[in-house]
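The following report concerns a structure and its computed features. Please consult the sequence and coordinates shown here.

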Amino acid sequence: MNPSCNLFMVGPTGAGKTSIGRRLAAHYGLEFLDLDQEIERHCGTTVSTVFELEGEAGFRRRESTLLDACSARRGVLLATGAGAVLDPANRRLLAERGYVLWLQATVEQQLERLARDRSRPLLAGEDRRAKLESMAGIRTPLYADVADLVIPGEHELVLAASERSIALIDQHWQRQQAA
């Protein structure tokens with residue numbers, strides 16, 4: 001059990017961290033932050049452009065800096081990028097500063113949800129399935145390592161997924177006041 005005033009969401013690309021996260025934040029009266037959107041706001045450009053100009057290493061440095069700043073706040077729901085867990089320091093910050101929700105999604109669910117999405121740099125090019133499977137092989141153990149609560153992915157609309165998530169969170173989260 002990890003008592004906290006913050007909720008942090010981790011999980012693969014296309015799991016619904018942003019869409020479900022917004023609903024959870026509203027339900028729990030938390031400020032919603034999306035780490036990728038925070039990066040874009042601070043950089044004044046898109047994540048794709050950051051990748052193009054600075055590569056993945058440059059993006060990950062920016063991600064770690066903003067994850068530190070965002071996770072230090074109190075009373076927030078932070079939806080992280082799918083790869084934020086790759087850095088051990090990021091995982092430590094998430095575990096220390098919030099209650100971590102792992103929103104799961106299978107590769108099939110990801111392919112279905114991301115079929116028209118061309119904005120994700122790590123999925124550019126051919127054979128999205130192979131890329132997603134490779135990322136899952138690396139990241140799944142890291143999500144498992146940092147998660148306080150696992151929310152299994154289902155084939156359902158965002159509203160139903162949000163309601164199911166709230167029911168699970170209410171059973172497990174020991175919420176502290178944000179002070």
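Which backbone oxygen does the side chain of Thr80 reach? The side chain of Thr80 reaches the backbone oxygen of Met9, at 2.8 Å.

This is a predicted model, in which local features need pLDDT of at least 70 and side-chain atom pairs count only at pLDDT 80 or more, while totals for chains, interfaces and linings use all residues. Residues are numbered from 1 along each chain as its sequence is written, and side-chain values use heavy atoms, with hydrogens and water left out.

Thr80 lies in the loop between β3 (76-79) and α4 (88-97); helices (H or I, at least four residues) and strands (E, at least two) are DSSP runs, numbered from the N terminus. Leaving aside neighbours within four places in sequence, Thr80 is in contact (heavy atoms within 4.5 Å) with residues including Met9, Lys17 and Leu94.

| Residue | Relative accessible area |
|---|---|
| Cys5 | 3% |
| Cys70 | 3% |
| Thr80 | 4% |

The structure holds zero disulfides, a disulfide being a pair of cysteine sulfur atoms within 2.5 Å. The sulfur of Cys5 is too far for a bond, because the closest cysteine sulfur, in Cys70, is 14 Å away. Cys70 is likewise in no disulfide, with the nearest cysteine sulfur, that of Cys43, 12 Å away.

An open sheet of five strands has the order β2-β3-β1-β4-β5, with parallel pairing; two strands pair if DSSP finds at least two bridges between them. The edge strands are β2 (31-34) and β5 (149-151). Four bridges join β2 to β3, and Leu33 has Leu78 in β3 as its bridge partner.

Definitions and conventions. Buried means under 20% relative accessible area, exposed over 50%, partly exposed in between (1.4 Å probe, protein chains only). A polar contact is a pair of N or O atoms within 3.5 Å; within protein, one must be able to donate a hydrogen and the other to accept it, and residues adjacent in sequence count only if both atoms are side-chain atoms.
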